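This report looks at a nonpolar core and its aromatic rings. The chain is shown first.

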Amino acid sequence: MTDDAPLLRSRRPEPALPGILERSPYPLVSVAIAVIAVVVITLVGFALGTVDLGLSKALNALHTGFVGGFSDAVYHVISPAPAIGITVVVVAVIWWRTRDLRPALAFGGTIAITWVPSAVVKEIVHRARPDVSVLPHPFPVQPDPGYPSGHTVYITAFVLALIWLLRETRWHRLVLTLGVVAIVVVFFAVSIDAVHYPTDAAASILWALAVAPGVRVAWVDWLMPRIPFLRPGRAGDESRVGG
């Protein structure tokens, strides 16, 4: 029976740790890019004005029938309260699945620390949302500024964290594909609703792509090991996600 043992083994070795816990080979570069991105994206926001109002009106014209209902649903589903709830549930599932708190908090912390500062920049830049008086299908007026789009930052950060979590597992390619689709869907949903200019949403995708890797380094590689119950070497280091 020993000759059959290799047949029972996985064809592809699984990672010793969930991918989101793997240390970055270029930590300072990731953090520097994140800091530069925050400064540049903030400064760009002051210069945009109503440069893409015409595109907002054109996209908002699509807000009819199924497309309008779907874009409204997407906007509501990942509004702040539901988004926090979704993240908490996924964090709990990761903890349960891996029996290790570290990947769960790495996932949740990466999303939160990428997402929350974008709300601060939104207040600093204070770019108005598209003028509802000129839109063909105006959405109810939103009280806060629009740049960058918190919805779009959130979904992009969520997708990135999930891709890192499932790196080198059989689910990685599927999550990558579906994640890109989800980001594109949210981009068009907030633009068709015209609660954001398309440049708000585009800047938000760039924000998350540039900032999240630096956030992951600072939170997972640098800060978490300083917290006693999150230090490497504890029970659960051999945990896996989606193997």
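## Basis

This is a predicted model, in which local features need pLDDT of at least 70, side-chain atom pairs count only at pLDDT 80 or more, and totals for chains, interfaces and linings use all residues. Residues are numbered from 1 along each chain as its sequence is written, and side-chain values use heavy atoms, with hydrogens and water left out.

## Nonpolar core

The largest nonpolar core holds 51 residues. Such a core is a set of buried Ala, Val, Leu, Ile, Met, Phe, Trp, Tyr and Cys residues joined through side-chain atoms within 4.5 Å. Buried means under 20% relative accessible area, exposed over 50%, and partly exposed in between (1.4 Å probe, protein chains only). Ile-20, Phe-107, Ile-111, Tyr-154 and Met-224 have the most contacts inside the core.

Tyr-154 touches Ile-78, Ala-83, Ile-86, Thr-87, Ile-111 and Trp-115, not counting residues up to four places away in sequence. Contact here means heavy atoms within 4.5 Å.

## Aromatic pairs

Rings of Phe, Tyr and Trp (its six-membered ring) pair if their centres lie within 6.5 Å; planes under 30 degrees apart count as stacked, over 60 as edge-to-face and the rest as tilted. The count comes to six aromatic pairs. Tyr-154 and Phe-158 form a tilted one, at 5.8 Å centre to centre and 45 degrees between the planes. Both residues are buried.

Phe-187 and Phe-188 have ring centres 5.1 Å apart and planes at 90 degrees, so this pair is edge-to-face. Phe-187 is buried at 19% relative accessibility. Phe-188 is partly exposed at 37%.

Phe-107, Trp-115, Tyr-154 and Phe-158 form one aromatic cluster.
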